Amino acid sequence: MFADFDAYFVKNNRDGMKTVLLLTAVRYPESGQDTCGIDPYYFTSQNAYNNTKKLIENIKSKGYFAQKANDVYLKQLAAEMGIGSIGLNTICVTEEFGSFFEMEAICTDMPLEESTKMPAPVSCTNCMNCMNACPTGAITPDGFARENCLRNHMLSGKPVPEHMREKMGQRLIGCSICRDVCPNNKGKKLMGAILPVDLTEVFSLEDMLDTEGKSVHQKRREEILGSNLVRRERLCAQAIIIAANAQRKDLIGHIKKLVGHKNPAIAQHALWAQAKLEREG
């Protein structure tokens, strides 16, 4: 029943229900494969979401109650169950997967034995590697400054602060710098991800910069990453930053058309990108 997940843990609740924490390991593509600026975590996240929905329907088909545990703070649940701990970068880390995994949780009355054998405990070493590596100073000894995190501004629908735009590089969604330098992640990155064969076509900059026509790729984008992340105007705003940072002078005509766009993020990013491409050309 839990074959679609890499690990699961069961906790008995006071009301007789059970909370099942589901872990799915992130798998990365082999070197040289183009992810179109998408961190593989987001492919894993969408797969975990779909597999959780399928699991709930499976449990219901057997006559039991099941639903997503939407009111559960997953990182805290993992820490309370002794599965992992929360690092300085606010990301949960476990002994088996490091922080290269995605979590989902369900509540059910299905008879399941409570987990008693837990992974070996692991905790943040306070090495400060993540703090020193973060390009925007989002991680500090006093806590996590979300407003300084690159990921926080990607596909947010709002204009990205100008001082952050070049630091985003060619990322569409996701930043794993703090994960990559964490000593608890050493040797934990799993390879062998199978990327969608149509990825480069579906997430081409030319197509994402076009907000007027109805993209034939929109439904496919939603299947790959989920509808919330791939809203057309949000994709366009981020694609403008990528095009400028990639020195895609062949796209400057597309960008100029967007300078007066009604969406503030698109308009501001386009004005910045046009100036950058013309200045560096």
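**Reading the fold**

Visitor: What share of the 281 residues in the protein is buried?

Guide: Buried means under 20% relative accessible area, exposed over 50%, and partly exposed in between, with a 1.4 Å probe and protein chains only. Here, buried residues make up 49% of the 281 residues. This is a predicted model, in which local features need pLDDT of at least 70, side-chain atom pairs count only at pLDDT 80 or more, and totals for chains, interfaces and linings use all residues. Residues are numbered from 1 along each chain as its sequence is written, and side-chain values use heavy atoms, with hydrogens and water left out.

Visitor: How many helices and strands does the protein have?

Guide: Both are DSSP runs numbered from the N terminus: helices are H or I with at least four residues, strands E with at least two. The protein has 12 helices and 10 strands. Its radius of gyration is 21 Å, close to the 19 Å from the globule rule for 281 residues, so the protein is as compact as a globular protein of that length. That radius is taken over C-alpha atoms, and the rule is 2.2 Å times the number of residues to the power 0.38.

Visitor: What span does helix 1 reach?

Guide: The expected span of a helix is 1.5 Å times one less than its number of residues. Helix 1 (residues 41-61) reaches 30 Å from its first C-alpha to its last, close to the 30 Å expected. Its buried residues include Y41, F43, L55 and I59. After helix 1 comes G63, with a positive phi near 95°.
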